[in-house]
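Okay, thanks for making time, everyone. I'd like to walk you through one structure, so let's get it up on the screen.

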Amino acid sequence: MERLTQSGASFPGTVNRVSMTDHAPPASVRARAKGGEIRSLARLIVFIGIYALVEAKTSYHSVWPLVATVVGASAAAAGLALRYVWAYPGTLARNAFAVAVGAVGAFGLWRSIGLDAGVPGVFELATMPIWPVIGAVSLVPALRARVRPSGTVEIAPPLRGRMMTVNGGSTRATNHHLVEPSMRYAIDLVVVGPNGMRGDGLAPAALDRYLVFGRDVHSVVGGRVLVAHDEFPDQLPGWLNEQPLRGNHVVVSDGENELTYAHLKHGSVRVAVGDRVERGQVIAAVGNTGNSSEPHLHLHATCGDESVPLTIGGRYLVRNDLVVTEEP
């Protein structure tokens, strides 16, 4: 299993690296790609199961340890919900997760009725901090990810439709790009349907079953094209060929910052080095080239060697943020 970092591959999971001459059977691609996503979803289900088991099997004599458990586990669940990529199963699954956690918590609070509000026993005092600590470890980094850094630059939306952020924010809890200083504030974007899913199924094997694949990429600023690469073929989802990290990509300078659009579709780049582009102009289409496990748009800005944080419509985008723009 490989967790992708530097280039902006959006999703953790099982990824295979093959040579340009290898051809993976579609069934194998589908099984391997889906495996990582099923495991991620299973972790949330296991969390609910453990929480429910603790609530059902633990005997409390004082109300305070039980309240600490409910509050701490709720914080842990909130942290998991903020960190998880809900473009996998969609927002309906996110709502189901919230309802399940809420139901277990409500059961715990119901159990507190009639319990002694006095000082807990020694064992209860010893175990009380466990869930609050777990909750803090899960939730705090996810909340810190939403702290807007200074020096943000406002840009236009690079995609049209229901655009969801799958990597973005100020901590590694929601943005794996932080390991690379020049891409610290990079964002990865997909397009989702009304159900919040990015494609047809958990891990579609065909590129055209991802809603973002082939979508027009619009220049987020006006400026001049510095780089325009369009020679690499699109890869099957879940497989990485021997391509440079960014794959097909375009770099546009607005005179102060350089904007990089990566993982573009083969044959889609409409600009050449030296061209002048306008804000909102279509420059390429979303593909699956470079260090990309499935179709998405990677976007980052730099000023010199420093990463520049971006805002769209005044919003600093963090994982699971949705921006709805005019449909294509």
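Helices here are DSSP runs of H or I with at least four residues, strands are runs of E with at least two, and both are numbered from the N terminus.

Now, this is a predicted model, where local features need pLDDT of at least 70, side-chain atom pairs count only at pLDDT 80 or more, and totals for chains, interfaces and linings use all residues. Residues are numbered from 1 along each chain as its sequence is written, and side-chain values use heavy atoms, with hydrogens and water left out.

So, pLDDT is the predictor's confidence in each residue, from 0 to 100. The protein's mean is 88, and 88% of its residues reach 70 or more. Over residues 1-26, though, pLDDT is below 50, and beyond near neighbours in sequence that stretch has 86 contacts in the model (heavy atoms within 4.5 Å). Where pLDDT is low, the predicted coordinates should not be read in detail.

Overall, we have five helices and 15 strands.

Which residues of H5 are buried? They're Trp 131, Gly 135, Ser 138, Leu 139 and Ala 142.

Key: Buried < 20%, exposed > 50% of the residue type's maximum accessible area, 1.4 Å probe, protein only.
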